Amino acid sequence: MPLPKHKKYTIDDIFALPEGKRAELIDGQIYNMAPPSPFHQKLVMELSATIRNYIKKNGGPCEVYPAPFAVFLNQDAHNYVEPDISVICHPSNLDARGYQGAPDFIIEIVSPSSQRMDYLTKLFKYRTAGVREYWIVNPLTQTVQVYSFDGTEDSTQYTFEHEIPVTIYHDLKICISELLK
């Protein structure tokens with residue numbers, strides 16, 4: 001839920017929040033973040049580990065950063081997000097505060113309170129910022145909406161039972177139901 005729109009907030013306002021309070025900043029509006037459920041965290045852990053293991057096995061510059069991890073999406077003072085999972089392939093954009101720019105691959109796990117944000121607002125922000133691939137994992141419907149913005153834009157919906165191809169890695173497929181066994 002955003003704070004009143006009486007002013008345009010900046011990243012400094014996010015960092016001034018009380019200890020333990022998490023929020024994101026999109027176009028100068030602060031959106032409070034609810035604590036994640038245990039199932040949400042299990043999904044983050046399993047997906048992060050699967051992608052990390054793939055990267056370690058195959059080499060390359062990419063790294064996986066699960067939330068909380070600061071992404072200064074447009075490298076401006078009015079957009080700050082904490083994706084559930086960020087895959088970063090350009091380590092030169094990392095600094096002591098987080099990542100400056102668009103991660104190559106982002107996964108968001110939908111909660112009842114974040115649906116509008118994940119399916120609409122963040123989809124637009126991630127696409128225009130230059131994210132190459134964006135997954136929206138919905139535990140309630142057991143679906144994954146995959147958006148590929150690399151080359152020809154594409155959007156496909158999968159279930160947790162499908163082997164979902166990771167488009168930035170041509171030989172990686174993830175079956176979420178298998179991860180949860």
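Author: Gladly! Helices (H or I, at least four residues) and strands (E, at least two) are DSSP runs, numbered from the N terminus. By that naming, Ile176 lies in helix H4, residues 176-179. This is a predicted model, in which local features need pLDDT of at least 70, side-chain atom pairs count only at pLDDT 80 or more, and totals for chains, interfaces and linings use all residues. Residues are numbered from 1 along each chain as its sequence is written, and side-chain values use heavy atoms, with hydrogens and water left out.

Reader: How many helices and strands does the protein chain have?

Author: The count is four helices and 13 strands.

Reader: What makes Ile176 count as buried or exposed?

Author: Buried means under 20% relative accessible area, exposed over 50%, and partly exposed in between (1.4 Å probe, protein chains only). Ile176 has a relative accessible area of 0%, so Ile176 is buried. Contact means heavy atoms within 4.5 Å. Leaving aside neighbours within four places in sequence, Ile176 is in contact with Leu43, Leu47, Val137, Val144, Phe160, His162 and Ile164. Take Val137 from that list: Ile176 and Val137 are 39 residues apart in sequence, and their C-alpha atoms are 9.5 Å apart in space.

Reader: And what about Glu153: why is it placed in the class it has?

Author: Glu153 has a relative accessible area of 46%, so Glu153 is partly exposed. Glu153 sits in the loop between S10 and strand S11 (154-159). Not counting residues up to four places away in sequence, Glu153 touches Arg127 and Ser148.

Reader: How do you know that Cys62 and Cys89 form a disulfide?

Author: A disulfide is a covalent bond between the sulfur atoms of two cysteines. The rule used here asks for a pair of cysteine sulfur atoms within 2.5 Å. The sulfur atoms of Cys62 and Cys89 are 2.0 Å apart, and the pair forms a disulfide. By this rule the count comes to one disulfide. Cys62 lies in the loop between helix H2 (38-58) and S3, and Cys89 in the loop between strand S5 (85-88) and strand S6 (94-95), so the pair ties together parts that are 27 residues apart in sequence.

Reader: Which hand does the disulfide of Cys62 and Cys89 have, and why?

Author: The torsion about the S-S bond of Cys62 and Cys89 is about 105°, so the disulfide is right-handed. Cys62 has a relative accessible area of 11% and is buried. Cys89 has a relative accessible area of 11% and is buried. As for Cys175, its relative accessibility is 13%, so Cys175 counts as buried.

Reader: How do you know what helix H3 should span?

Author: The expected span of a helix is 1.5 Å times one less than its number of residues. Helix H3 (residues 115-129) has 15 residues and should therefore span 21 Å; its end C-alpha atoms are 20 Å apart, which agrees.

Reader: Where does H3 bend?

Author: H3 bends by about 40° at Lys122. The bend at a residue is the angle between axes fitted to the seven residues ending there and the seven starting there. Lys122 is also one of the buried residues of H3, among them Met117, Leu123 and Tyr126. What covers the buried residues of H3 includes strand S8 (105-109) and strand S9 (133-138). Just after H3, Gly130 takes a positive phi of about 110°.

Reader: Which class does Asp27 fall into, and why?

Author: Asp27 has 43% relative accessibility, so Asp27 counts as partly exposed. Asp27 is found in the loop between S1 and S2, and has a positive phi of about 50° although it is not a glycine.

Reader: What makes the radius of gyration of the protein chain agree with that of a compact globule?

Author: The radius of gyration is taken over C-alpha atoms, and the globule rule is 2.2 Å times the number of residues to the power 0.38. With 181 residues, a compact globule would have a radius of gyration near 16 Å; the protein chain has 16 Å, so the two agree. Of the 181 residues of the protein chain, 47% count as buried.
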